[in-house]
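This report describes a protein model together with its ligand. Please consult the sequence and the three-dimensional view while reading the sections that follow.

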Amino acid sequence: MSDDAGPSAWIGTSWKMTKTLAQAREYARVLADVSWPSGVQPFVVPPATAIAAVAEILPPGGPVLVGAQDAHWEDEGAWTGEISVPQVWDAGARLLEIGHSERRAHFGETDERVNLKVRAALRHGVLPLVCVGEDAEQRAAGAAVEVVSSQVRAALAGVPETARVLLAYEPVWAIGSGGRPASPDDIVDVVAAIADLGGTARPVLYGGSVSLDNAAALMAVPRVNGLFVGRSAWQVEGFIALAAIVAECST
Ligand code: PGA
């Protein structure tokens with residue numbers, strides 16, 4: 001279960017496009033007072049507007065990692081509306097979510113761009129969290145393992161084997177309010193296929209309609225090293241409860 005280079009399990013949430021600064025600070029203040037179970041690495045991924053405010057309360061080097069939901073692959077320049085990895089680093093982010101299915105579906109995030117962003121993150125010492133997952137049609141066609149493996153291969157092209165990269169397997173059909181929660185049987189083959197792709201063991205987090213009801217069963221899938229959560233962790237109590245389940249399942 002454990003990855004040699006890091007914690008035995010991960011619990012993270014992306015707030016997506018939710019939370020005012022006041023709400024973000026309130027959530028972060030609660031996390032700052034939690035005694036985290038050993039071996040579990042919690043992380044929160046606020047919207048860009050709140051990274052600095054959250055990182056003031058949960059500073060780099062502390063028990064809770066702060067991340068960014070996206071960043072450009074160039075370090076600076078004429079890219080209106082974009083933010084760079086050095087900028088999110090400056091704001092206090094030490095993890096970068098890359099290639100979430102909502103970005104792939106709505107914002108033209110291709111495998112090539114995902115790869116550029118992974119390399120940009122690694123250049124600046126930011127931990128990439130690469131999101132991959134097949135859609136409902138690909139699953140129905142029996143192509144889940146092939147599609148997701150190919151996304152991972154593309155994301156990691158040219159990346160040194162020793163580079164620390166987290167993978168989040170998030171089947172598109174399982175994400176969000178219209179999603180169907182995946183069962184352990186649904187995900188076991190894909191997780192097994194990507195956990196050692198290219199001969200390097202990498203932590204795999206599962207994401208997509210994770211809740212207090214299914215978290216333990218998903219954590220019990222071989223090679224699942226953590227959970228990446230949306231809606232069920234948008235209230236801080238949900239995040240803390242899920243962290244406790246992850247801790248329990250990883251000992
Ligand atoms: P959800 O989102 O938990 O709300 O389904 C998961 C994700 O998009 O990472």
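## Two residues with positive phi

Arg223 is placed in the loop that joins α9 to β8 (224–229); helices (H or I, at least four residues) and strands (E, at least two) are DSSP runs, numbered from the N terminus. Although Arg223 is not a glycine, its phi is positive, at about 75°. With a relative accessibility of 32%, Arg223 counts as partly exposed; buried means under 20% relative accessible area, exposed means over 50%, and partly exposed lies in between (1.4 Å probe, protein chains only).

Ser209 likewise has a positive phi, near 55°, in a residue other than glycine. This residue, Ser209, belongs to the loop between β7 (204–207) and α9 (215–219). Ser209 counts as buried because its relative accessibility is 14%.

## Basis of the model

The model is predicted: local features need pLDDT of at least 70, and side-chain atom pairs count only at pLDDT 80 or more, whereas totals for chains, interfaces and linings use all residues. Residues are numbered from 1 along each chain as its sequence is written, and side-chain values use heavy atoms, with hydrogens and water left out.

## Ligand surroundings

Ser209 is also one of the residues that surround the ligand, together with Lys16, His100, Glu170, Ile175, Gly176, Gly208, Val229, Gly230 and Arg231; a residue is near a molecule if one of its heavy atoms lies within 4 Å of it. By class, this shell has 2 nonpolar, 5 polar and 3 charged residues. In this classification, Ala, Val, Leu, Ile, Met, Phe, Trp, Tyr, Cys and Pro count as nonpolar, Asp, Glu, Lys and Arg as charged, and the others, Gly among them, as polar.

The protein covers 99% of the 280 Å² of accessible area that the ligand has on its own, as given by the Shrake-Rupley method with a 1.4 Å probe.

## The largest pocket

The largest pocket holds about 600 Å³ of space, the volume being the space filled by probe spheres set on grid points joined across faces, edges and corners. A pocket is an open set of points on a 1 Å grid over the protein atoms alone, where a 1.4 Å probe fits, with protein on both sides within 12 Å along at least five of seven lines; lining residues have an atom within 4 Å of a point.

Of the 20 lining residues, Met17, Gln69, Asp70, Arg103 and Phe107 lie nearest the centre of the pocket. Helix α4 (residues 101–106) supplies the largest share of the lining, 3 residues. The lining comprises 8 nonpolar, 6 polar and 6 charged residues.

## Buried and exposed charged residues

Glu134 lies in the loop between β5 (127–132) and α6 (136–140) and counts as buried, at 0% relative accessibility. Its side chain makes a polar contact (a pair of N or O atoms within 3.5 Å, one able to donate a hydrogen and the other to accept it; residues adjacent in sequence count only if both atoms are side-chain atoms) with the side chain of Tyr169, at 2.9 Å.

Lys117, in helix α5 (residues 111–123), is buried at 4% relative accessibility. By contrast, Glu76 is exposed, with a relative accessible area of 69%, and lies in the loop between β3 (65–68) and α3 (85–91).
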